[in-house]
Amino acid sequence: MNATPPSPPPAAPEALRPVAHLELKAAALLLFTLALIVGSVMYLLYARGAFEPTQTLVLVADDSEGVVVGMDMTFSGFPIGRVRRIELADEGNARIVVDVARKDAHWLRVSSVFTLVRGVVGGTAIRAYSGLLNDDPLPDGAVRPVLRGDATSEIPQLMASARELLGNLNALTAQDAALASSLAQVRTLTERLNAPGGALQVLMGNAQDAGKVLAALDRTNALLTRIDGLAAKTDTQLYGPGGLMPQVQASVAQLGGLLADTRATLKKVDAVLAEAQAVGANVREGTADLGALRAEVESNLRKIDQLVGDIQRKWPFARDTEIKLP
């Protein structure tokens with residue numbers, strides 16, 4: 001008959017106390033961690049404006065590609081609203097429900113414009129523009145259309161334009177292209193310009209005409225040299241010590257003296273003429289007096305002739321002048 005082993009003696013209460021303390025500390029740490037997580041979540045919700053009063057704005061777009069729940073709607077670069085829900089309308093359009101904070105809702109007016117912009121680099125952005133801040137505020141639950149600005153939609157057109165441009169460049173740089181022949185002609189022209197007398201040959205077209213032009217220039221230089229010599233001789237003859245100009249100046253001085261003498265003589269003649277005019281005036285007055293005297297003399301002579309006639313007609317002084325013939 002086997003004997004049963006003896007059972008261990010019961011543990012003392014003092015040995016179980018440290019284990020109970022560890023469990024309490026672990027439970028307290030878990031509760032603290034849970035409270036910290038809940039507080040963080042609540043703070044994040046508060047920071048994100050989850051507890052702020054909001055009003056609803058519904059934006060209608062043809063396509064909601066790139067729009068996600070939780071993205072911001074900005075005004076002048078500042079977020080004033082958040083996308084809460086995206087739904088498909090009965091008409092097939094996308095309805096974007098945006099929660100706008102009441103404290104920022106005054107920036108939205110009935111005339112505000114909303115855009116949905118998709119950039120080449122970066123995500124999609126919803127922007128609001130208010131040009132007239134004096135208009136009525138946007139009411140709660142307003143439905144507004146969205147203007148789309150998709151930069152990626154122009155990429156195919158840009159690629160087509162770039163392809164066409166590359167084709168034109170290939171056509172220009174081909175071996176038999178007009179640009180290659182033009183460059184060859186430019187190279188030939190440059191070589192001719194670098195040669196002696198190249199510019200003149202390019203202008204005239206050939207070396208013979210260029211030589212004629214050079215000969216004409218040489219003759220012109222010689223002629224100009226002769227003209228310079230003639231001009232120097234002319235200056236000597238005209239302005240030299242025995243030149244023509246000093247003699248002309250002396251003659252002009254003599255002529256000035258003669259003119260001065262003539263001026264003095266003319267003044268004397270003017271005085272004589274003035275005296276002659278005075279004498280003529282006196283003679284004119286005397287002639288008028290002689291006319292009156294002559295009239296008186298003629299009147300007296302007529303009276304005397306009449307008196308003599310009367311005396312001859314009277315007797316005894318009368319004489320018979322008649323001659324009688326026998």
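Trainee: Which residue in β6 stands opposite T74?
Mentor: In this predicted model, local features need pLDDT of at least 70 and side-chain atom pairs count only at pLDDT 80 or more, while totals for chains, interfaces and linings use all residues. Residues are numbered from 1 along each chain as its sequence is written, and side-chain values use heavy atoms, leaving out hydrogens and water. T74 belongs to strand β2; strands are DSSP runs of E, at least two residues long, numbered from the N terminus. β2 and β6 pair in the parallel sense over 3 bridges (pairing takes at least two DSSP bridges between the strands), and in β6 the residue opposite T74 is R127.

Trainee: Does T74 count as buried or exposed?
Mentor: Leaving aside neighbours within four places in sequence, T74 is in contact (heavy atoms within 4.5 Å) with P79, I126, R127 and A128. Buried means under 20% relative accessible area, exposed over 50%, and partly exposed in between, with a 1.4 Å probe and protein chains only. T74 has 18% relative accessibility, so the label is buried.

Trainee: Which residues make up the uncovered face of β6?
Mentor: In a regular strand, side chains alternate between the two faces of the sheet. The covered face of β6 holds T124, I126 and A128. The uncovered face holds A125, R127 and Y129.

Trainee: What is the relative accessible area of T115?
Mentor: T115 sits in β5, residues 113–118, and β5 pairs with β6 in the antiparallel sense over 6 bridges. Its contacts, not counting residues up to four places away in sequence, are A125, I126, R127, Y129, V146 and L147. T115 is buried because its relative accessible area is 12%.

Trainee: How many residues are in the largest nonpolar core?
Mentor: A nonpolar core is a set of buried Ala, Val, Leu, Ile, Met, Phe, Trp, Tyr and Cys residues joined through side-chain atoms within 4.5 Å. In the largest one, the residues with the most contacts inside it include L57, M73, F114 and I126. The strands that each supply at least two residues of this core include β1, β2, β5 and β6. The number of residues in the largest core is 21.

Trainee: In the hairpin of β2 and β3, which residue takes a positive phi?
Mentor: β2 and β3 run antiparallel and are joined by 4 bridges, with G81 as the bridge partner of M73. The hairpin has 2 residues between the strands.
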